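Me: I'd like to go through this structure with you and ask what stands behind each term. Could you set every value against its definition?

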Amino acid sequence: MSQFSSIALPQIGSFALLLALALGAYSFLVGTFALILGGKESDYLSETARRAGIATFAAVFLASVVLVTAAFTDNFSVAYIFHHSNKDLPGPYKFAVLWSGQEGSLLFWSLLLATYGFVLRLRYKTDPRLFAYASVVIAAVQVFFLLLLNFAAHPFAVLAEGNIPADGSGLNPLLQYPEMVIHPPMLYLGYVGFTVPFAFALGALIMRYPGEKWIHITRRWTMVTWGFLTIGIFLGAHWAYSVLGWGGYWGWDPVENASLMPWLTGTAFLHSVMMQEKRGMLKTWNMWLVFFTFWLAILGTFLTRSGIISSVHAFAQSSIGMWFGWFLIISFATFAGFYAQNYKSLRSEHKLESMISRESSFLFNNLLFVVACFTVLWGTWFPKISELVQGNKVTVGAPFYNNVAVPVALFLLLLTAVGPLLAWRRTSLESLRRNFMWPAVGGLAVGVLMMILGVRPWKDIAYFYSLMAATLAALVIFTVISEFVRGGQVIARHTGFSLFGSMLHLYHRNTRRYGGYIVHFGVAVVIIGILGTPFNRDAEKEMGFGDKINIGPYTLVCQSYTQDDNANYSNEWAIINVFKGNQQLTTMYPERREYKASSQPQTIPRIYPTFKEDLFLVNDLYVVYEGRNQDTGRPIIKAHLNPMVPWIWTGLIIMIFGTITCLVPNAAPIRATVPARVQTAPAVGAGD
Amino acid sequence: MKLTIKPFLKRTGQFALLVVAVFTFLGVGDEDARFRDIGHHLMCVCSCGQVLLECNHVGCQYSDRMRGELAAALDRGDNDDLTIQSFVQKYGPTVVAAPSTSGFGRVAWIMPFAALLAGMAGLVLIVRSWRSRPTPALADGIQPLQGPELERFREQADKETDL
């Protein structure tokens, strides 16, 4: 690396960040002034604010490119690069350095927000005034992050001349995994993305925007954002499962909880917004829901960066927690102030006609999502509250959430099954019974089958939850299938198409509704994956050549151990053959690495899903090479048998497919060849 | 409208209840399950933030010893409460993976359900206020439909639009 680039890169980066702050501040201040001024004469000002917002994106993008370039050119004069990279770090991980530490991840957050703002400002012609409001709100959030980057967490801080080391400290080994290159961007796209519907909502509130157009405008933004957050959360769970080596995927850690909270309120918003679109109801509720979704995303960041809540994932304690604290207070006060000023414009246009209706199911669904969110928030904060009240900390771990959040989740699953069967306005009990009977029989049959197969709900509350979850998940799946079949039959009757063709047509004709059902189907599949947890088994053994571990129907035989070395790490792995009966299924290579730059060890578990052997009751065979016993020097192997887990990842794929489907525009309806109600006397001379 | 349950459904329900009842009386407990259960209610104190039975650190100074202590307590015949209390005395209150159900810890358990109840109450109030809202006035001479006639029109609309 040349002397010039060593000095110039951090200077360019710092300048780009300052420029971005100036442009962002211009976009916010002048944009606000133009909106206050109103009228034709402010259009010119508003346009300059819009362009400044677009230019902010260019400046933040430049800063991000500079940081990545510094990582790729091993510019260890930049303190951030020294702390999070090293010369032998593979290329993709050097790219991931951008979001691996505090300062870089804030820059990445700012980049994503600027990108969303860029797209929004390009599409301003849809509704220039509403977009101008949304643009100002986004600029305000952008300015906050740019203030942080410039004055509290500067990514281009340089080490003193003469103290520049020859190599960096390296990236945290836990982050050196392919999913870590995509998990944070997905999660951040989700977190940051909720700023857009919030910005439109706040704009609509300030404008006293008539009608539901802002909801239509933000629908796709919200869906896309929700999709990214969902992928981010699941990739995080999969990363924990594949890297941390404890055989689980969700530990109710505060950082995990921080991602779950906005997801819960965001999911509630996706449902309740339909009530506003179709019936002009829940306007106030939707405003607050979208605000809290945005607010919880920021709160999550506050939790993980302030050091206020201890977590194994959390970033080091730093002063930026205070910044986030103030931002949370100011954003809440701002929103509450505008709400108090304009709440009269949010009156519902209709009243609830019946408790057995789609509207009431959405009301309960929203209540349960919000209670679930509150439970997670409460559980996350309770150790701190306990410390303040009685002076000693307590732990709030999985047993708490399993006992409190799981019942709420089961009710939600029940509503997921029943909700789609209810019509808007009101549903007769007879029609509900008619539509619900076969799915209910199917769900009950699955429950009874599980008991016959040996699930004893009275032995452990976890088994009871598993049984309930299986029954309700089956109910959801049968409901979705019955909805497709019922709709398909109607179309088949009208058009003469085959049932399958009719179902396909139905699906294309109302992508949002049927895409939503596919998401529900995916959720049920995920639940099926989770309900295997109480039946997990594990075994641990010091294994020499030829030694065996029996776990469930599988036998693991140690064949050999071997070692390797490369520039980034040295490693040692076991070669283990897996048998079921006398048939060899596979060979697994659990690995243990020692990273050179950081001198940190890392286990790399190997996972074998038994789809080929047990299609539906699939197991994950999960093998960890834990290292060597310090006393005997013998290698220790730990094996887990995790039933049903592969269905979790399969469910995610289905959910994403459903989400993408919801984003596709509806196909045009086809005309019925024989209108059902026009079968009067045949015309004279027609046909035969 | 009165819901009539057909004899077939009644019998199906009774059969399901019978199956549940039969299986209810077949259950037995075991020591291994107690070890797993209590082990999942305790945290490893090595700062890994993991449940005792899930701590996987090679050379962890605590988890093996704590698992041994748990097995010994169960062998002695200590009940679940006594076993957990002995861990609390030795390692402090953070060793328990969930707040206690007594004292201030009880608040942790109550609050989510209190929130659910408060939410339900709020929902009832909202629904009541919606339902008590007057129906918009119609032009002179137009009578709003009621009862079976309204139901008939609704069903017809459903049939003709529900694709």
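This is a predicted model: local features need pLDDT of at least 70, side-chain atom pairs count only at pLDDT 80 or more; totals for chains, interfaces and linings use all residues.

Me: What makes β3(A) and β4(A) a pair?

Reply: Eleven bridges join β3 (residues 554-565) to β4 (residues 569-580) of chain A, in the antiparallel sense. A:Thr555 stands opposite A:Phe579 of β4(A), and a hairpin through three residues joins β3(A) to β4(A).

Me: And what links β4(A) with β5(A)?

Reply: β4(A) and β5 (residues 583-588) of chain A pair antiparallel over five bridges. Here A:Phe579 stands opposite A:Gln584 in β5(A). The hairpin of these two strands has two residues between them, and A:Gly581 takes a positive phi near 65° there.

Me: Why is A:Trp252 called buried?

Reply: A residue is buried if 20 or more other C-beta atoms lie within 10 Å of its own, exposed if 12 or fewer, and partly exposed in between, with C-beta atoms placed from the backbone. A:Trp252 has 20 other C-beta atoms within 10 Å, so the residue counts as buried. A:Trp252 sits in the loop between α9 (213-244) and α10 (254-279) of chain A, and has a positive phi of about 55° although it is not a glycine. For background, most residues other than glycine have a negative phi.

Me: What makes A:Met644 buried?

Reply: A:Met644 has 24 other C-beta atoms within 10 Å, so A:Met644 is buried. The residue lies in the loop between β10 and α19 (646-663) of chain A, and its phi is also positive, near 70°.

Me: How do you know that domain 1 and domain 2 of chain A are in contact?

Reply: Two residues are in contact if their C-beta atoms, placed from the backbone, lie within 7 Å. On that basis, 24 residues of domain 1 of chain A are in contact with 27 residues of domain 2 of chain A. α6(A) gives the most to the domain 1 side, with nine residues. That side has 20 nonpolar, two polar and two charged residues. Nonpolar covers Ala, Val, Leu, Ile, Met, Phe, Trp, Tyr, Cys and Pro; charged covers Asp, Glu, Lys and Arg; polar covers the others, Gly among them.

Me: What makes up the side of chain A that touches chain B?

Reply: Here 55 residues of chain A are in contact with 46 residues of chain B. α13(A) gives the most to the chain A side, with eleven residues. By class, the chain A side has 29 nonpolar, 15 polar and eleven charged residues.

Note on methods: Residues are numbered from 1 along each chain as its sequence is written. Chains are lettered from A and ligands numbered from 1 in the order in which they are written. Helices (H or I, at least four residues) and strands (E, at least two) are DSSP runs, numbered from the N terminus. Two strands pair if DSSP finds at least two bridges between them.
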